[in-house]
Amino acid sequence: IGSNAFCESDISNLKIGKGVTTIAEAGFGSCENLTSIIIPDSVVTIGPYAFSQCTGLKDITIPDSVKDIGKYAFSNCSSLKEVIIGSGVTYISSSAFYGCTSLTNITIPNSVITIEGDAFYGCADLEAVYYDGTKKDWDQISIQSDGNQYLLSANFYTTDSIVGTYGDYTYMVVNNKATITKVDSKIEGNIVIPDTLDGYAVVGIGSKAFVECSNSIEVTIPN
C-alpha cells in the first residue's frame, strides 16, 4: 500500500488482504472516520505516519509478522484505548504513539529491543503495560526516557509478576516487593498505607491507584 494511498479518505472499516507486506508513509493518514482495522500477518512494515490522526480508531492489534513500527505511525489517534503489539516487533520508533491521549492499555512483546524517545509522548491515560517477558528481560530493552514518562510510570505487569488483592487494595509483586495498583473506590475516612500486603513489603503506589476514590479521605504514607 503506497504512500498517501488512502490519506484523508472517508473509509470507516478496513480489512487489508493477505499478501500486503508494507503500509507505506501516511497510507491511511488522517482517515478520521476509520474505527476498525484488520492487519494481516503478511504485513512486515508499518511506515511513518501510516495511521496518523485516525481519530476514530479505538483499538489496534499489530500482527506477529510486523518487525518495525515507523515514526508517528499511530500518532494523534486520540480515541485509541488499547494496543496489542505482536511478537515480531523489535523496534518502536520515535513518536509512534505520540498524542494517543486515550490510550490506557498496551501489550508489548519480549521481542522488542528498542523504544525510541517520545514513542508514548502525551499518553497521560496510560494505566497498564503488559510485557510478555520477565522483569529482567524488560530491563534489557533500550528505552529512551525523553517523552516516555507515562510508559515508565504506568502499572507494569510481566510474566513473573504476582497480582493479588488484600482488603481495599489490589497490588502487584515484582522481586518480592509490592506496589499498590488500585484502591477500592468505596474507601473513606482516615487510611494508612500498610507496610505489607500478604507478607510482601509495600514499596510503591502505582499510577492512578486512587483515581476512582470519590469519598473524602485522608491518607498517611508511612516512612
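Predicted model: local features only at pLDDT ≥ 70, side-chain atom pairs only at ≥ 80, totals over all residues.
User: Why is Thr-104 called buried?

Analyst: Its relative accessible area is 18%. Buried means under 20%, exposed means over 50%, and partly exposed is in between (1.4 Å probe, protein chains only), so Thr-104 at 18% counts as buried.

User: Which residues does Thr-104 touch, leaving aside its neighbours within four places in sequence?

Analyst: Lys-81, Asp-125, Leu-126, Glu-127 and Ala-128 are in contact with Thr-104, where contact means heavy atoms within 4.5 Å. As for Cys-123, it is 19 residues from Thr-104 in sequence and 8.1 Å away in space, C-alpha to C-alpha.

User: What makes the pairing of the Thr-104 and Asn-105 side chains a polar contact?

Analyst: The two side chains are joined at 3.3 Å. A polar contact is a pair of N or O atoms within 3.5 Å, where within protein one must be able to donate a hydrogen and the other to accept it; residues adjacent in sequence count only if both atoms are side-chain atoms. Here both partners are side chains and 3.3 Å is within 3.5 Å, so the pair qualifies.

User: How many disulfides are there, and how do you know?

Analyst: A disulfide is a pair of cysteine sulfur atoms within 2.5 Å. For Cys-7, the nearest cysteine sulfur is that of Cys-31, 6.6 Å away, so Cys-7 is in no disulfide. Cys-7 counts as partly exposed, because its relative accessibility is 28%. Cys-123 is in no disulfide either, as its nearest cysteine sulfur, on Cys-100, is 5.2 Å away. Cys-123 is buried, with a relative accessible area of 0%.

User: Why does Ser-65 count as buried?

Analyst: Because its relative accessibility is 16%. Ser-65 is found in the loop between strand 5 (59–62) and strand 6 (68–69). A polar atom of its side chain lies 2.6 Å from the backbone oxygen of Val-43. Val-43 is also among the residues in contact with Ser-65 beyond four places in sequence, along with Pro-40, Asp-41, Ser-42 and Val-44.

User: What about Thr-158: why is that one called buried?

Analyst: Thr-158 has 9% relative accessibility, so it counts as buried. Its place is the loop between strand 13 (155–157) and strand 14 (162–166). The Thr-158 side chain makes a polar contact of 2.3 Å with the side chain of Asp-160. Not counting residues up to four places away, Thr-158 touches Tyr-131, Gly-133, Thr-134 and Lys-135.

User: How many helices and strands does the chain have, and how much of it is buried?

Analyst: There are two helices and 20 strands, and buried residues make up 44% of the 223 residues. The C-alpha atoms fill a box of roughly 60 × 35 × 30 Å along the principal axes.

Terms used:
Residues numbered from 1 in each chain as written. Heavy atoms only, no water. Helix = DSSP H or I, 4+ residues; strand = E, 2+ residues; numbered from the N terminus.
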